[in-house]
Amino acid sequence: MKYGFLDEAGDVGVGPRSSRVLVVAMVLTASPQSLRREVKRFRTRLRKKKQQLPELKASRSAPAWNRKRLERLAQLEVEVVVIIAKKLRFPPYLDPEELYRLLCAQAVEECLRRSPSLTLRVDKRYTNPTLRAVQERTLREAVEGPGRTLTLEHIDSSHDPALQQADLVAWAFLQKYERGDGSFAALIQERVVLEETLRRVEGGK
């Protein structure tokens with residue numbers, strides 16, 4: 001049994017201030033408590049005021065914090081799957097949220113190839129139950145083949161430190177593909193089992 005924690009970095013927008021890429025990252029482990037313990041240990045080393053933060057969000061943290069956390073994460077028994085979309089390659093009529101769901105579905109499919117039973121926690125992106133149901137349906141459609149099972153939970157990342165590890169990894173690869181700074185991703189690279197750019201949407205270039 002593998003446990004997966006999935007989060008994204010970047011955005012689905014198409015405006016001038018939007019990111020050029022969208023990244024989905026999944027951290028896989030047989031021991032989810034090891035991920036949570038590592039976040040808690042890191043927090044205890046922060047100043048008291050910083051310890052009160054509801055979560056360690058990589059985009060709001062000092063780069064030095066993120067580097068240290070990535071170094072420590074790389075020492076754990078984890079596997080990392082990263083799926084990237086360069087948004088200009090996809091047709092403008094594609095629903096932006098659909099692109100996010102396709103990235104998630106490909107990540108799930110790749111993980112199930114490695115472990116036929118997956119308990120997945122996804123950062124609770126949608127408060128709208130209809131959108132959440134669409135996401136769940138898209139993910140379950142990725143479960144193909146006999147013997148595969150997917151247990152899916154939508155959890156606020158502030159309530160599960162393990163999801164904050166996925167946020168950290170997604171942020172690291174956003175720096176690589178959006179800003180051309182691969183130094184953060186390099187810190188966790190030895191744990192990456194798949195790093196792939198999504199190309200499978202009809203009409204994309």
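**View 1. An open sheet of six strands, in the order 5-4-1-2-3-6 with mixed pairing.** Strands here are DSSP runs of E at least two residues long, helices are runs of H or I with at least four, and both are numbered from the N terminus. Two strands pair if DSSP finds at least two bridges between them. At the edges sit strand 5 (149–155) and strand 6 (192–197), each with a single partner strand, so one side of each has no neighbour in the sheet. From one strand to the next, the twist averages 20°. This is a predicted model, where local features need pLDDT of at least 70 and side-chain atom pairs count only at pLDDT 80 or more, while totals for chains, interfaces and linings use all residues. Numbering starts from 1 along each chain as its sequence is written, and side-chain values use heavy atoms, leaving out hydrogens and water.

**View 2. Strand 3 meets strand 6.** Strand 3 (residues 79–86) and strand 6 run parallel, joined by five bridges. Look for V82, which stands opposite E195 of strand 6. Helix 4 (residues 96–114) packs on the sheet and touches strand 1 (2–10), strand 2 (21–29), strand 3, strand 4 (117–123), strand 5 and strand 6; contact means heavy atoms within 4.5 Å. The direction of helix 4 makes about 30° with that of strand 2. Angles run from 0 to 180 degrees between N-to-C directions, and axes are lines fitted to C-alpha atoms, for helices over the stretch in contact.

**View 3. Helix 4 crosses helix 5 (residues 129–141).** Their axes come within 9 Å and cross at roughly 35°. On the helix 4 side, the contact uses Y100, R101, C104, A105 and V108; helix 5 brings L131, V134, Q135, T138 and L139. That splits into seven nonpolar, two polar and one charged. For these classes, Ala, Val, Leu, Ile, Met, Phe, Trp, Tyr, Cys and Pro count as nonpolar, Asp, Glu, Lys and Arg as charged, and the others, Gly among them, as polar.

**View 4. Helix 1 (residues 32–44) packs with helix 3 (residues 63–73).** The angle is about 145°, and the axes are 11 Å apart. L35, E38, V39, R41 and F42 of helix 1 meet W65, K68, R69, R72 and L73 of helix 3. The contact residues come out as five nonpolar, no polar and five charged.
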